[in-house]
Amino acid sequence: MRITSVDLKAVAIAEAARLSRSRAFAKHTNDDERLAGDFDRPLIARARKGDIRRILAGRHLLIWRIAYEDSGGRVVESCLAPVLVRTAARPRGARHRVWIRDLLHGVETPLRRVVDAAAPAWRAAVVDVHERFAAARTARELAIAACSSREGQHTFQPGLFDRRSERGRQRENAAAAEGDDRTRERLEAAANAGHVTSRRGELLLVLTS
């Protein structure tokens, strides 16, 4: 038998670094649910470095997050979608914060349509992966259930005066019924794992020049 070993150390280190950077921007509870104050509105920052301002060239960089959630409302996949927006210059005398707020309000609807259609290949991959995972998990649960049902088939001969074997049979039937309930629950969970829905795009960061 040929055994192939794979060294995933570098990949694991890169993933740990990515998660550390992501968690630096948001706080989470023990249940991995976002706090109400996390990203309830986009973060707005002005570019201070000259090279970044030159790259923006009067445009605004908007970072959106697009995500998929499972049947329980938990985020299972997400990615970032950057959008560059060019607008007219800020009117003289207008406060920067008020101007940006009004600008975002005006462009939110058309930009959201763009974001909701972004990353089609990634979206297709997310749905495909979760459907495949659910199918594999369902097949596994069905195989386990079939094996358990075969093992549980025993002949039974009730005694004429001794009811111990009958009571034992009743306990076996009760245990089998509980096992069937657990199997149905696992099958339902497996089926639900394949149902993921896309969330509305969420604006996280606005970088202006």
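In this predicted model, in which local features need pLDDT of at least 70, side-chain atom pairs count only at pLDDT 80 or more, and totals for chains, interfaces and linings use all residues, Arg65 and Glu202 are joined through their side chains by a salt bridge of 3.0 Å, N to O (a side-chain nitrogen of Lys or Arg within 4 Å of a carboxyl oxygen of Asp or Glu). The pair connects distant parts of the chain, with Arg65 in strand S2 and Glu202 in strand S5, 137 residues apart (strands being DSSP runs of E of at least two residues, helices runs of H or I of at least four, numbered from the N terminus). Arg65 is buried at 18% relative accessible area, and Glu202 is likewise buried at 17% (buried, under 20%; exposed, over 50%; partly exposed, in between; 1.4 Å probe, protein chains only). Residues are numbered from 1 along each chain as its sequence is written, and side-chain values use heavy atoms, with hydrogens and water left out.

A salt bridge also forms between Arg199 and Glu69 (2.6 Å, N to O); Arg199, in the loop between strands S4 and S5, lies 130 residues from Glu69 in S2. Arg199 is partly exposed at 28%, as is Glu69 at 21%.

The largest nonpolar core has 16 residues, of which Leu62, Trp64, Val83, Leu104, Leu111 and Leu203 touch the most other members (buried Ala, Val, Leu, Ile, Met, Phe, Trp, Tyr and Cys residues joined through side-chain atoms within 4.5 Å). Strands S2, S3 and S5 and helix H3 each supply at least two residues of this core, and H3 gives the most, with seven.
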